[in-house]
Amino acid sequence: MGLDVRVIGPEERDTRTAQTPGLQRFAAICADKTGSSELWMGYAVLEPGGKTGVHHHGESETAIFVISGVTRWWVGEQLDDVREARAGDFVFIPPGIVHWEQNASDTEPVEMIVARSTQEAIVVAVEGHPHRPAHAS
């Protein structure tokens, strides 16, 4: 595939990317879709009442724009320090930061645009974290 300006519509988003239980990611800008060699960008939905497992994004810097909803990122050594973001907020997650995410609403989804500094959406599950929440067991 030659490189050219591409438009990726909602029906072309790809779920064959790294996933975390509780959060669905859809790749849009990636090698398979556009020939991108250094950037990954996509769309993510955290369902009403949704919670992810404990994870990090390896060497990736992650940038998020919250389109709708209110989401929480639980961080810190004991995963007890919360960051809340609302529609219109940007969020930065440095490489290797262990966290889990929670939708603050039981009735509305959280929709986000996600960009990564690596070409793939790296997701590393942290199964044995000593402070993982009960839902992530």
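**A loop glutamine, then strands and salt bridges**

Tutor: Begin with Gln119, which counts as buried at 14% relative accessibility. Bear in mind throughout that this is a predicted model.

Student: Where is Gln119 found?

Tutor: Strand S10 covers residues 124–125, and strand S9 covers residues 110–116. Gln119 is found in the loop between S9 and S10.

Student: Why does Gln119 count as buried?

Tutor: The cut-off for buried is under 20% relative accessible area. Gln119 falls under it and therefore counts as buried, its relative accessibility being 14%.

Student: Is strand S2 mostly covered or mostly open, and how many of its residues are buried?

Tutor: S2 runs over residues 40–46 and is mostly covered. Of its seven residues, the number buried is six.

Student: Which residue in S2 is the bridge partner of Arg25?

Tutor: Strand S1, residues 23–29, pairs with S2 in the antiparallel sense over six bridges. In S2, the bridge partner of Arg25 is Ala44.

Student: Which residue in S9 is the bridge partner of Val45?

Tutor: S2 also pairs with S9 in the antiparallel sense, over seven bridges. In S9, Val45 has as its bridge partner Glu111.

Student: Which strands stand at the edges of the open sheet formed by three strands?

Tutor: The order in this sheet is S6-S5-S8, with antiparallel pairing. Strands S6 (81–86) and S8 (100–103) each have a single partner strand, so one side of each is left without a neighbour in the sheet. Neighbouring strands are turned by 25° against each other on average, direction ignored. The edge strands are S6 and S8.

Student: Which residue in S6 is the bridge partner of Val70?

Tutor: Strand S5, residues 70–75, pairs with S6 over six bridges in the antiparallel sense. In S6, Val70 has as its bridge partner Arg86.

Student: What is the N to O distance in the salt bridge of Arg72 and Glu84?

Tutor: The side chains of Arg72 and Glu84 meet in a salt bridge at 2.8 Å. The pair links distant parts of the chain, with Arg72 in strand S5 and Glu84 in strand S6, 12 residues apart. Arg72 is partly exposed at 23% relative accessible area, and Glu84 is partly exposed at 40%. The N to O distance is 2.8 Å.

Student: How many salt bridges does a search of the whole structure find?

Tutor: One of them is between the side chains of Glu12 and Arg6, at 3.6 Å from N to O. Glu12 is partly exposed with a relative accessible area of 27%, and Arg6 counts as partly exposed at 36%. For the whole structure, the number of salt bridges found is four.

Notes: Residues numbered from 1 in each chain as written. Predicted model: local features only at pLDDT ≥ 70, side-chain atom pairs only at ≥ 80, totals over all residues. Heavy atoms only, no water. Buried < 20%, exposed > 50% of the residue type's maximum accessible area, 1.4 Å probe, protein only. Helix = DSSP H or I, 4+ residues; strand = E, 2+ residues; numbered from the N terminus. Pairing = 2+ DSSP bridges. Axes fitted to C-alpha atoms, helices over the stretch in contact; angles between N-to-C directions.
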